[in-house]
Amino acid sequence: MTEKYRATDPMSDLISDDYRMLQVISRFGMSFGFGDAKIDTVCKECGVDAPTFLAVVNFIRNGEYVKISELIDDVDVRALMDYLKHSHAYYINFRLPAIKRKLLEAMSVSSNQIAVLILKFYDEYAAEVSRHMEYENEYVHPYVEQLLEGRIPSSEHGFHALCHRHQDNHGSIERSSSELKNIIIKYYPSESNIQLLNDVLMDIYMMEEDMLSHCRLEDQLFAESVHRLEDEIRLKRPQEEYTPTHSQHESNNTLSDREKEVIIEVVKGLSNKEIAENMFISVNTVMTHRRNISKKLNIHSPAGLTIYAIVNGLVNLDEIKI
Ligand SMILES: [Fe+2]
Ligand SMILES: [Fe+2]
């Protein structure tokens, strides 16, 4: 650990040293104006668990150099879960809609096809992030609630399985975010308000960084603290049956040449029947290719495939049908 804040450090130092702590403070439900008060004093006044707050602060501050073993003992699972819930509400209700509004303001959607495509892609990206966070709210957190009540749910959604899904979705969100930036940078719509579009691009970069940190926090600190909780309960109640479900996913996500050909046909606007005729294969085979493509890329719409094809150089802009 390179740097570690302590309970006796002034709260204001956190923000002076790292502006990202503004978000942490707000998501723990604390407001500003704490003068020179120390971290533990402010936490106590706001009803926040100070050790968990410090674990999150030190986790984010030290990035990839963080040692979970140095933080995990301080984490209160409920306090950390509340923090994650507030973060979800922030992204779904505020951050994602705010960026959409800015994109609409920056680009001339009525007269530019690439602007339409960018907005479509953004909507799909926002929906993907929202679906993921709603899944966590709906399945992961209630599972953890039951653990906190001393029970290990006997459903197939064991935390191992939930974690696998977590990590897969996190990777997919990261890829979509990166594609979104690429398409804006490479195909900047010419009629746009340049300053506004630069501004929204900066917002997307900052949101991406923030969300990456959120996902890492879930994959590492939260997952580890929940596993510990499960182990504690199992030790107390060894008679209870618990079988973790491991979802096995294909590790090979590389597209075959035939799958790339199918993508090119799809983004040209051809139907499955037309693709089958052009490629001398059956409609069923086309549908199998499309299912495999969706599975490998985690992209399920023609608009998403179009962006993928453009960003990866499979087609030129003038070949696509929007
Ligand atoms: Fe999350
Ligand atoms: Fe997540």
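How many C-beta neighbours does Ser-192 have inside 10 Å, and does this make Ser-192 buried or exposed? Select it: Ser-192 has 21 C-beta neighbours inside 10 Å and therefore counts as buried. A residue is buried if 20 or more other C-beta atoms lie within 10 Å of its own, exposed if 12 or fewer, and partly exposed in between, with C-beta atoms placed from the backbone.

**Before going on**

This is a predicted model, in which local features need pLDDT of at least 70 and side-chain atom pairs count only at pLDDT 80 or more, while totals for chains, interfaces and linings use all residues. Residues are numbered from 1 along each chain as its sequence is written, and chains are lettered from A and ligands numbered from 1 in the order in which they are written.

Colour by pLDDT, the predictor's confidence in each residue, from 0 to 100. The average over the protein is 84, and 88% of the residues score at least 70. Among the elements, H6 has the highest mean pLDDT (95) and H13 the lowest (78). Now select residues 239-251, where pLDDT stays under 50. The model has 19 contacts beyond four places in sequence for this stretch; two residues are in contact if their C-beta atoms, placed from the backbone, lie within 7 Å. Where pLDDT is low, the predicted coordinates should not be read in detail.

**The whole chain**

Switch to cartoon. The protein has 13 helices and 0 strands. Helices (H or I, at least four residues) and strands (E, at least two) are DSSP runs, numbered from the N terminus. Of the 322 residues, 26% are buried. Among contacts with a separation of 6 or more, 77% are between residues 24 or more positions apart.

**Around Ser-192**

Return to Ser-192, which sits in the loop between H8 and H9. Not counting residues up to four places away in sequence, Ser-192 touches Ala-106, Met-107, Ser-108 and Leu-197.

Glu-105 belongs to helix H6 (residues 77-106). Glu-105 has 13 other C-beta atoms within 10 Å and is therefore partly exposed. Val-200 is 95 residues from Glu-105 in sequence and 9.7 Å from Glu-105 in space, C-alpha to C-alpha.

Next select Asp-203, in helix H9. Asp-203 counts as partly exposed because it has 15 C-beta neighbours inside 10 Å. Leaving out residues up to four places away in sequence, Asp-203 touches Ile-99 and Lys-102.

**The nonpolar cores**

A nonpolar core is a set of buried Ala, Val, Leu, Ile, Met, Phe, Trp, Tyr and Cys residues joined through C-beta atoms within 7 Å. The largest such core has 34 residues, and those with the most contacts inside it are Ile-118, Phe-121, Ile-183, Ile-263 and Leu-305. H6, helix H7 (113-148), helix H8 (159-186), helix H9 (194-236), H10, H12 and H13 each supply at least two of its residues. H7 gives the most, with 9 residues. Colour domain 2 (76-236) and domain 3 (257-319) separately: both give residues to this core, so it lies between them. The domain bounds come from an automatic or database domain assignment. A second, separate core has 31 residues, including Val-42, Val-75, Val-144 and Val-226.

**H10 and its cover**

Centre on Ile-263. Apart from neighbours within four places in sequence, Ile-263 is in contact with Ile-293, Leu-305, Ala-309 and Leu-314. In helix H10 (residues 257-267), the buried residues are Val-262, Ile-263, Val-266 and Val-267. Look down the axis of H10: these residues fall within an arc of 125°, so they line one face of the helix. The arc is that of the directions from the helix axis to the C-beta atoms. Their cover includes helix H11 (272-279), helix H12 (283-297) and helix H13 (302-311). After H10 comes Gly-269, with a positive phi near 90°.

Select Phe-280 in the loop between H11 and H12. Phe-280 is not a glycine, yet its phi is positive, about 60°. With 7 other C-beta atoms within 10 Å, Phe-280 is exposed.

End at H13, where 7 of its 10 residues are buried. Those are Gly-304, Leu-305, Thr-306, Ile-307, Tyr-308, Ala-309 and Ile-310. Gly-313, which follows H13, has a positive phi near 70°.
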